[in-house]
Amino acid sequence: MGPGLSWAELVAAADSARSGGTTADPHAHLLLLLPALGDDAVPERAVDRLAAALGARMGVRTPRPLAAALLESQGPPGPSRWATAHGGTRTNDGTCSFRNPANGFALADDRLARVSAALTP
């Protein structure tokens, strides 16, 4: 439900072995985690990183336009803005996000802090 990862968190998880243990391929990890992305401050280099994954794992012949489109729309909830609160807890403003403290269904503060600590690049 809603954005769960910033771009930096997504890349860090994709590059680590923490993403599930079924494959060591960062391209596969990136594509599997992509639906959880929700970040309106995706860096320019993100298009190249996603395009490389799409080309390597999906066989997309011209992956750059597809990567740009995926990063622009980011699924139904769309992108959200991320902030770091005191203590390093990362939150966002996504209306469908468990990591937005303003939502009635948001994770409790201690759980938000644990999630942030686990996902900090």
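The points below cover an aspartate, some helices and some salt bridges.

1. Ground rules. This is a predicted model, in which local features need pLDDT of at least 70 and side-chain atom pairs count only at pLDDT 80 or more, while totals for chains, interfaces and linings use all residues. Residues are numbered from 1 along each chain as its sequence is written, and side-chain values use heavy atoms, with hydrogens and water left out.

2. Where is Asp 39 placed? Asp 39 sits in the loop between helix H2 (26-33) and helix H3 (45-58); helices are DSSP runs of H or I with at least four residues, strands are runs of E with at least two, and both are numbered from the N terminus. Asp 39 is buried but has no salt bridge, and the nearest side chain of opposite charge, Arg 90, is 5.4 Å away. Buried means under 20% relative accessible area, exposed over 50%, and partly exposed in between (1.4 Å probe, protein chains only). A salt bridge needs a side-chain nitrogen of Lys or Arg within 4 Å of a carboxyl oxygen of Asp or Glu.

3. The side chain of Asp 39 reaches two backbone nitrogens: that of Trp 7 at 2.9 Å and that of Ala 41 at 2.8 Å. Beyond its neighbours within four places in sequence, the contacts of Asp 39 (heavy atoms within 4.5 Å) include Ser 6, Gln 74 and Trp 82.

4. Helix H1. Seven of the nine residues of H1 (residues 7-15) are buried, so this helix is largely enclosed by the rest of the structure. Trp 7 is one of the buried residues. The cover over them includes H2, H3 and helix H4 (63-73).

5. H2 against H3. The axes, which are lines fitted to C-alpha atoms over the stretch in contact, with angles running from 0 to 180 degrees between N-to-C directions, come within 9 Å and cross at roughly 105°. H2 and H3 are therefore roughly perpendicular (65 to 115 degrees). Leu 30 of H2 and Arg 57 of H3 are among the residues making the contact.

6. Salt bridges. How many does the whole structure hold? The search finds five. Arg 57 pairs with Asp 25, with the closest N and O atoms 2.2 Å apart. Arg 57 is partly exposed at 45% relative accessibility, whereas Asp 25 is buried at 15%. Another bridge joins Arg 81 and Asp 93 at 2.8 Å, N to O.

How values were computed. Lys and Arg count as positive and Asp and Glu as negative; His and the chain ends are not counted. A polar contact is a pair of N or O atoms within 3.5 Å; within protein, one must be able to donate a hydrogen and the other to accept it, and residues adjacent in sequence count only if both atoms are side-chain atoms. Angles under 35 degrees count as roughly parallel, over 145 as roughly antiparallel, 65 to 115 as roughly perpendicular and the rest as oblique.
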